Amino acid sequence: MPKLQVALDLVELKRAVEIAKEVAEYVDLIEVGTPLIKSEGMNAVRVMKKTFRNHEIVADMKTIDTGALEVEMCAKSGADIVIILALSNDSTIEEAIRSARKYGCKIMADLINHPNPVERAKELEELGVDYINVHVGIDVQMLGYDPIEILKKVVKEVSVPVAVAGGLDVDRASLCVSLGAEIVIVGSNIVKTKNPKESAIKFRKAIDSAKPVEIVRKSLDEEIREILMQVTTPNVSDAMHRAKAIEGIYPIIKGKKVVGKAVTVYTMDGDWAKPVEAIDVAKAGEVIVIKCSGDSSAVWGELATRSCMNKGIAGVIIDGAVRDVDEIVKLDFPVFARKVVPNAGEPKGFGEINVKIVCGGVEVNPGDWIIADDNGVMVIPQKRAYEIARRALEVKKHEDRIRAEIEGGKTLAEIIELYKWEKLK
Ligand SMILES: O=C([C@H](O)CO)[C@H](O)[C@H](O)COP(=O)(O)O
């Protein structure tokens, strides 16, 4: 039977124990994740062992040196399996194995970031590791990779049990088992969900009735759009290390959300020629972002909005002035602007379409992704759009779980151990 391992990648031990209690019935192995070990040390392993006597406890040390010492520490603290890095020198792996045999635990070698994972897996088997873990780490997952293709190759080459990890969802977990994985490791998609128990039950079912599910990937743009529709501008800002929104630009209609690639416009105060011409340039689902040299006369109004809607444009962001807002509200179309005025300017045709602009202190290039909601307008550089969208989704998942814990009656400071994590001076 395939085994399910929950990876507790948190930094707070109390929360980790609570989540582990919620899911214990449905998982076989409980992993003290690397962040938890770094935050709480061997005490985390001890507490997990004492709390979950019927489970195998895995210490994700990611050891790369002093194999014997690190394995000894973990084994004495109650770990049944210690994860070391396949990238380690052979002597570290051999020392870890010797120590494991002496202190009575098993070694799982993690292929994370190894340049030749299939060859290394064969060597690791020769060296005598007990498990091989085909793993794509969290940062690399954010670039769009998963462990499936490497897993397919590794399972054909080794006979030690193979574990798999790396942002697995229920379908991928099921697929991995059908491909031959014996341990499925799941972190985020159990631990960071609102209801870890429900999520663990879904994974349990999926791996116990594993099927070769076909994973159909959408186009990159479709994936980005789909993810951004699920998150908020605060999630995106957090994912970008608290990046700022376009300053001073807010929605004309509250409760609207805009997601799409930017068609940029530079124009003079009140000169509405280029903004209106941009409607002909933009494709359905795109967002027109207009930088005006001033905001005393409107460059946008009701008729432009109607024209925009005919083309299926997702929204308009104006670093300048708009008018006819009563009509725009009736049309229910998302327009964000710096200022509302009654007077329009003249269509003179100064400016450019699809050039670099700077709106409210933020650079916007054609093709950058825009996400706008009641909090403001965030710009995501095109090159990093997929990664930032994925990271924003992780932020959202983390918040979903914290929200559920607040609903359980705790304070935010308690949950995230705020006082402990204040910067030491
Ligand atoms: O090992 C892990 C990662 O390197 C952080 O320590 C994770 O536990 C592993 O990737 C499983 O978590 P998800 O990828 O979130 O499922």
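Modeller: A residue is near a molecule if one of its heavy atoms lies within 4 Å of it. This is a predicted model, in which local features need pLDDT of at least 70, side-chain atom pairs count only at pLDDT 80 or more, and totals for chains, interfaces and linings use all residues. Residues are numbered from 1 along each chain as its sequence is written, and side-chain values use heavy atoms, with hydrogens and water left out.
Biologist: How many residues surround the ligand, and which are the closest?
Modeller: The ligand is surrounded by 15 residues, and the closest are Asp9, His135, Gln141, Gly167 and Gly187.
Biologist: What is 2.6 Å from an N or O atom in the side chain of Asp9?
Modeller: That is an oxygen atom of the ligand. It is a polar contact, meaning a pair of N or O atoms within 3.5 Å; within protein, one must be able to donate a hydrogen and the other to accept it, and residues adjacent in sequence count only if both atoms are side-chain atoms.
Biologist: And how far is the polar side-chain atom of His135 from an oxygen atom of the ligand?
Modeller: The distance for His135 is 2.8 Å. The side chain of His135 also makes a polar contact of 2.8 Å with the side chain of Asp110.
Biologist: Is His135 buried or exposed?
Modeller: His135 is buried, because its relative accessible area is 15% (buried means under 20%, exposed over 50%, partly exposed in between, with a 1.4 Å probe and protein chains only).
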